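Biologist: Hi! Could you walk me through this model? I'd like to chat about it for a bit.

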Amino acid sequence: MNGEETANVNRAHGMIGEKGIKKEIICGIKDGIPIAMGYFAVSFSLGIAMVSAGLSAVQGMVMSITNMTSAGEFAGISVIAAGGTLAEMALTQLIINLRYALMSMSLSQKLDETMPFWQRFVITFANTDEIFAVAMHRQRSLTLTYMAGLQSLPILGWTAGTFLGAVACSLMPVSVSAAMNVMLYGMFIAIVFPVARKSRPVLGVAALAVLFSCLFRYVPFLRGISAGIAIIVSTVAAAVIGAILAPVKEEK
């Protein structure tokens with residue numbers, strides 16, 4: 001890294017020196033601990049599903065460490081179990097994970113303008129729903145060191161949980177593994193609820209997204225639309241309505 005890049009990174013941190021960088025990493029790690037704990041528990045069921053689909057514990061661990069997406073991995077396991085083609089796998093992942101493109105565009109507005117492209121590229125690897133929500137809630141510009149701290153433990157928890165779930169699948173009762181699936185939704189609620197309590201527009205957008213999701217789930221002619229497309233349409237529609245009815249005032 002040359003002198004100019006180093007200066008850019010220091011400006012992005014908002015503080016000069018190793019102490020500032022260390023503080024950013026520690027802050028990110030602390031914010032990532034609850035996410036890592038939730039990922040560790042939820043990924044147990046993922047490991048069990050992988051073994052049921054014919055994958056080994058090691059294969060499951062490699063799959064999780066290279067794919068930070070719960071819905072995408074569960075869908076991928078279904079394609080593998082059904083003997084699907086690579087084209088079917090690619091199309092399934094594209095549709096289900098397309099929402100991350102929207103999240104990444106939104107997250108880019110929180111990044112410092114001086115951040116190099118390669119740092120932005122690294123951050124996108126683990127820009128999951130929960131990490132995105134925590135990062136967007138932070139009241140300052142995001143740096144590579146903070147995001148590295150925020151993402152490191154969730155990646156470890158997701159990977160370790162998958163591996164241990166695959167190893168312990170023969171020992172764990174089915175009722176326990178099924179109950180762990182509910183924890184993922186609990187994490188979503190825990191992230192949205194505190195912000196929604198402080199902001200009526202956020203509460204309204206969340207309610208609209210739930211309403212649109214219910215329409216895709218229960219309206220007959222909308223049931224055939226895939227879950228990935230339904231998530232994208234619900235998110236964009238709710239966000240657009242919220243932006244029109246309750247726009248955020250621009251800072252001078």
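Modeller: Happy to! One term before we start: a helix here is a DSSP run of at least four residues, and the helices are numbered from the N terminus. Also keep in mind that this is a predicted model.

Biologist: Got it. How many helices and strands does the protein chain have?

Modeller: The protein chain has twelve helices and zero strands. Read from the N terminus, the order of elements is α-α-α-α-α-α-α-α-α-α-α-α.

Biologist: And what percentage of the residues count as buried?

Modeller: The figure is 38% of the 252 residues in the protein chain. The accessible surface is about 14,700 Å², and carbon and sulfur atoms make up 70% of that.

Biologist: What about contacts with a separation of 6 or more: what share comes from residues 24 or more positions apart?

Modeller: Such pairs account for 75% of those contacts in the protein chain.

Biologist: Let's switch to aromatics. How many aromatic pairs are there?

Modeller: The count is three aromatic pairs. In one of them, Phe40 and Phe44 have ring centres 5.4 Å apart and planes at 75°, so this pair is edge-to-face.

Biologist: Where do Phe40 and Phe44 lie?

Modeller: Both are in helix H2, four residues apart, which is about one turn of the helix. Phe40 is partly exposed at 31% relative accessible area, whereas Phe44 counts as buried at 13%. Phe117 and Phe121 also form an aromatic pair, a tilted one, with 6.1 Å centre to centre and 35° between the planes.

Biologist: Why are Phe117 and Phe121 separated by about one helical turn?

Modeller: Because they are four residues apart in helix H7, which covers residues 117-124. In general, an α-helix has 3.6 residues a turn, so residues three or four places apart point the same way.

Biologist: Nice. Are Phe117 and Phe121 buried or exposed?

Modeller: Phe117 is exposed, with a relative accessible area of 65%. Phe121 is exposed as well, at 57%.

Biologist: Staying at the surface, which residues form the nonpolar patch?

Modeller: The patch consists of Leu102, Met105, Val236, Val240, Ile244 and Leu245, and together they have about 570 Å² of accessible area. Two helices give two or more residues to this patch: H6 (99-108) and H12 (227-245). H12 supplies the largest share, four residues.

Biologist: Take Ile244: which helix is it in, and why does it count as exposed?

Modeller: Ile244 sits in helix H12. Its relative accessibility is 61%, and the cut-off for exposed is over 50%, so it qualifies.

Biologist: Back to H6, then. Which of its residues are buried?

Modeller: The buried residues of H6 are Arg99, Tyr100, Met103 and Leu107. They are on the same side of H6, because they cover an arc of only 95° around the axis.

Biologist: Last one: where is Met50, and is it buried or exposed?

Modeller: Met50 belongs to helix H2, residues 18-52. With 0% relative accessibility, Met50 counts as buried.

Biologist: Which residues does Met50 touch, leaving out those up to four places away in sequence?

Modeller: Met50 touches Leu55, Gly60, Met63, Ser64, Glu73, Ile77 and Thr162. Of these, Met63 is 13 residues from Met50 in sequence, with 9.7 Å between the two C-alpha atoms.

Biologist: Great, thanks for the tour!

Definitions and conventions
Residues numbered from 1 in each chain as written. Predicted model: local features only at pLDDT ≥ 70, side-chain atom pairs only at ≥ 80, totals over all residues. Heavy atoms only, no water. Buried < 20%, exposed > 50% of the residue type's maximum accessible area, 1.4 Å probe, protein only. Contact = heavy atoms within 4.5 Å. Areas by Shrake-Rupley, 256 points an atom, 1.4 Å probe, with all protein chains shown as cover. Patch = residues over 30% accessible without salt bridge, like charges linked within 9 Å, V, L, I, M, F, W, Y side chains within 5 Å. Salt bridge = Lys/Arg side-chain N within 4 Å of Asp/Glu carboxyl O. Arc of directions from axis to C-beta. Phe/Tyr/Trp six-rings, centres within 6.5 Å; stacked < 30°, edge-to-face > 60°.
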